Amino acid sequence: MSPTRFASEHRWLYIGAIVLLVALAVIGLIRYERVRTTNEAHNKANELSGELIAAGFPAPNTDNLVRALGDDGGLACSDPTSALRSALWKINMSNGAAGPGIRPVIADKRVVEAGALVLKVYCPDKLHDLQDKIDDLKTDTTVRQ
Amino acid sequence: MASMDVPADMPKKQAAETAARAAAPPRLTWMTLALMTTASVASLRAAPTMAVYGLACVFLYLVPAIVFLLPTALVSAELASGWSGGVYKWVSEGLSKPLGFLAVWCQFAMTIFYYPSLLAFVASTISYIINPALASNGLYTAIVIMVLYWTGVWVSSQGTKALAGLSSWGLVIGTLVPGTLLVVLGMIFLAQGNPSAAPMTASHLLPEWTGLASLVLIVNNFLSYSGMEMNAVHVSSLKNPAKEYPKSMFLAMGLVLLIFILPALAISWVVPSGQLSLTAGVMQAFDAFFAYFHIGWMTPIAAVMLISASLAGMLTWLAGPSKGLLEISRQEGYLPPYLQQLNKHGIQQNILVTQGIVTTLIALMYAFIPGVSSVYWIFSTITTQVYLIVYLLMFVAAIRLRKNQPDHPRGYRVPALTLVCVVGWLASAAALVIGFVPPSQFGSSSTGAYIAIVGGGLLLLGFLIPWLFLKLRKPSWRTTGGESG
C-alpha cells in the first residue's frame, strides 16, 4: 500500500483518525462494566432459557446469557422502543448487505418473536410497546430450525 | 480526469493549478483499489443478521455470488480494463450519453439516502461506547451524523490518495482484523469439542422454503454485492489499468466473499439463533459472542473497529459516484458550471457540498421527526431499486461494446460474455421485481400502496430528476471536449 504509507502528505489525517479511534477505544474500555453474575442474573438466565426452549429454540448456554445480559437485560432493555432505536431495528431487519445494498426482507416469525422474550424476562414493563411493534410486522418462516 | 479545461469563471492561476493536478491523477496500487472496493461493499455489520440463518447463510451468499457478484465483477473488470471513467463511460460508449448520465446519476443519487442510515448506525455504535442512552437522543444522532458526514466531505476533498489510504486502513482495522478474530475464536470454540449452536448438517444448507418470503430473502441478497463496480471510476489512477484493475477486482471478490461468509458462520457456531434474535442490535450480538470467551471487554474495541469500517465505506462512496457524475457532466454539460468546479486537489468539491446539504436536511428529518425515522427503511428499498438501473444498463452496454467495438483494446476479456451479462441482467431484473414485494416492516398495509410508493420513488429519483437535468442542460455548460449525445 505504498500510496497509503504513513509518511505521506496526509499524515495528519492518519494521525487524527488514529487518535480519535484510540480515544474511543480507551473510553469504551474505561466505561466497560463487567456484568455481575448474581443469583438474580442466573435465575433470569434460566427463565429466559426456558422461554426460548418453549418457543422452539435449542437450549442456550445459560452462563453465556448471564455474562451477556446480567440481571437487567443490558442493552436489550435500554429504551428499546424509542423512535431512533426502532428505526435502526427496522433498517437492520434486512438482507445480508453491509453497504448501500441493504434492503428490507420478510423476517422470520420465531426469530422476531424471540426478540420480545428477553424483555418479557428482564424488563416486562417495556414489553408491551415492543410487542405492539412486533405484532405490526408481516413475518413468515425463513430460518430452518 | 481526461481534460484540463475548467469552468470559465475560475481564476486563471487556480484553473491552471487545478488542470495540472487533474491531468496527473494520483497513483494507486491495485491492492489499494481492491481494498477500497471491498470497503465499499463488505463489513461485519451484516454478520449477526446472517448468523441467524446458520449454515444456510453460505447458500444465501454463494447463490447471489454466482448470479450477481461474478457477472458484476467480471464485466466491470473487462470494461474498466478497456475504458477509463467507470460506469458513465461504459454506458455512454455502449448505449448513449444520456443513458451514461442516467447510470452515473442513479449510482450517485441512491447514496444520498444511504448516508443518514449508515451514520445513524455509526452514531448508535458510538453511543454503545460512550453512553447507550444516547442512541435514542435525536440531537446527539443529528450532531454525530453532521460531524461525521462533513468530515468525510472534507477528507474526500483532500484528494483521492487521502481517502484511498483511510478507506484501505479502515477496512483492515475495522473488518479484516476483527473478522479474523471472530473466525479464529469460532474455530477454537469448535476445537474445544463444543457442538455448534446452529446445526451444521447437510439438511441445513438451504434456508427454509416457504414460497414468497424465501424468494424475497434469496433475491434481495443479490444486492449484498452492489457497489463492486463503483470504484472503477478511479481506474486511471492505476499504473497499468488494463492489467491491474482485473487483478484488483478478483482480490476484492475473494475478500468480500470471505468477509461475508466466515464471520457470520463463526457467530452462528457460538451464539444460538434464539439469543441472536434477542439482540436488537449488532453490538449486542458481538457482546454475546465475546461473553462466551470471557472477553466481554472486546465488545467496545469491536465497536470502534466497526465504526472505522463504516466510515471507510462512506469515504469510498463519497468519492466514487460524484467523480463519475462530474466527468460526464464536464463533457456533456449536464450540470451547471458551479457544480463542475474542482478544488485545488482536483476534487469535485461543489458536488460534494451540494450533496451534503441535501443529506444534512434528510439526516435532520431522520433524527428529529419520528414519522420519518420510522419509515426510513422504505428509502433503502427505493434507492436499491434506483441502483439496479445501473446494472441493467451496464450489462446491456457490455454486450453492445463487445459487438460494436470488438477490437478495442481490453486488458481482460470475460469468457462467454453474453451469457455472463444475461445472467447478471436477469438477476438484476429479478431483484428489481422482488423490490416491489412488501417486506415485514410494511405490515398488513396494502400491497398496492407499497408498489405505488416504491414505484413513485423509483420514477422520481431514477427517471424524473435525471430527465430534468438532461432537459435543462445548456451547451455552454460543457467544459471539456465531447460530442453531444
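Which residues in helix 2 of chain A meet helix 3 of chain A? Ala41(A), His42(A), Ala45(A), Asn46(A), Leu48(A) and Ser49(A) in helix 2 meet Thr62(A), Leu65(A), Val66(A) and Leu69(A) in helix 3 of chain A, where two residues are in contact if their C-beta atoms, placed from the backbone, lie within 7 Å. By class, this contact of helix 2 with helix 3 of chain A holds six nonpolar, four polar and no charged residues; Ala, Val, Leu, Ile, Met, Phe, Trp, Tyr, Cys and Pro count as nonpolar, Asp, Glu, Lys and Arg as charged, and the others, Gly among them, as polar.

The structure is a predicted model, in which local features need pLDDT of at least 70 and side-chain atom pairs count only at pLDDT 80 or more, while totals for chains, interfaces and linings use all residues. Residues are numbered from 1 along each chain as its sequence is written, and chains are lettered from A and ligands numbered from 1 in the order in which they are written.

In chain A, the domain assignment, which is automatic or taken from a database, gives domain 1 (1-32) and domain 2 (33-136). The C-alpha centres of these two domains of chain A lie 34 Å apart. The UniProt annotation "transmembrane region", from an unreviewed entry, covers residues 12-30 of chain A; UniProt positions are given in the numbering used here, feature names are shortened, and annotations may be inferred rather than shown by experiment. Over residues 12-30 the chain is 100% helix and 0% strand, with the end C-alpha atoms 26 Å apart. Helices (H or I, at least four residues) and strands (E, at least two) are DSSP runs, numbered from the N terminus.

The axes of helix 2 (residues 39-54) and helix 3 (residues 62-69) of chain A come within 9 Å and cross at roughly 120 degrees. Helix 2 of chain A is therefore oblique to helix 3 of chain A. Axes are lines fitted to C-alpha atoms, for helices over the stretch in contact, and angles run from 0 to 180 degrees between N-to-C directions; angles under 35 degrees count as roughly parallel, over 145 as roughly antiparallel, 65 to 115 as roughly perpendicular and the rest as oblique.

In chain B, helix 15 (residues 349-368) packs with helix 6 at an angle of about 50 degrees, their axes being 9 Å apart. Helix 6 and helix 15 of chain B are therefore oblique to each other. Residues of helix 6 of chain B in this contact include Ile112(B), Phe113(B) and Tyr115(B), and those of helix 15 of chain B include Gln355(B) and Val358(B). The contact of helix 6 with helix 15 of chain B has 10 nonpolar, two polar and no charged residues.

Helix 7 (residues 138-156) of chain B also packs with helix 15 of chain B, at an angle of about 165 degrees and with the axes 9 Å apart. Helix 7 of chain B is therefore roughly antiparallel to helix 15 of chain B.

Between the chains, the contact takes 102 residues from chain B and 73 residues from chain A. Helix 6 (residues 97-130) of chain B gives the most to the side of chain B that touches chain A, with 10 residues. That side of chain B divides into 55 nonpolar, 42 polar and five charged residues.
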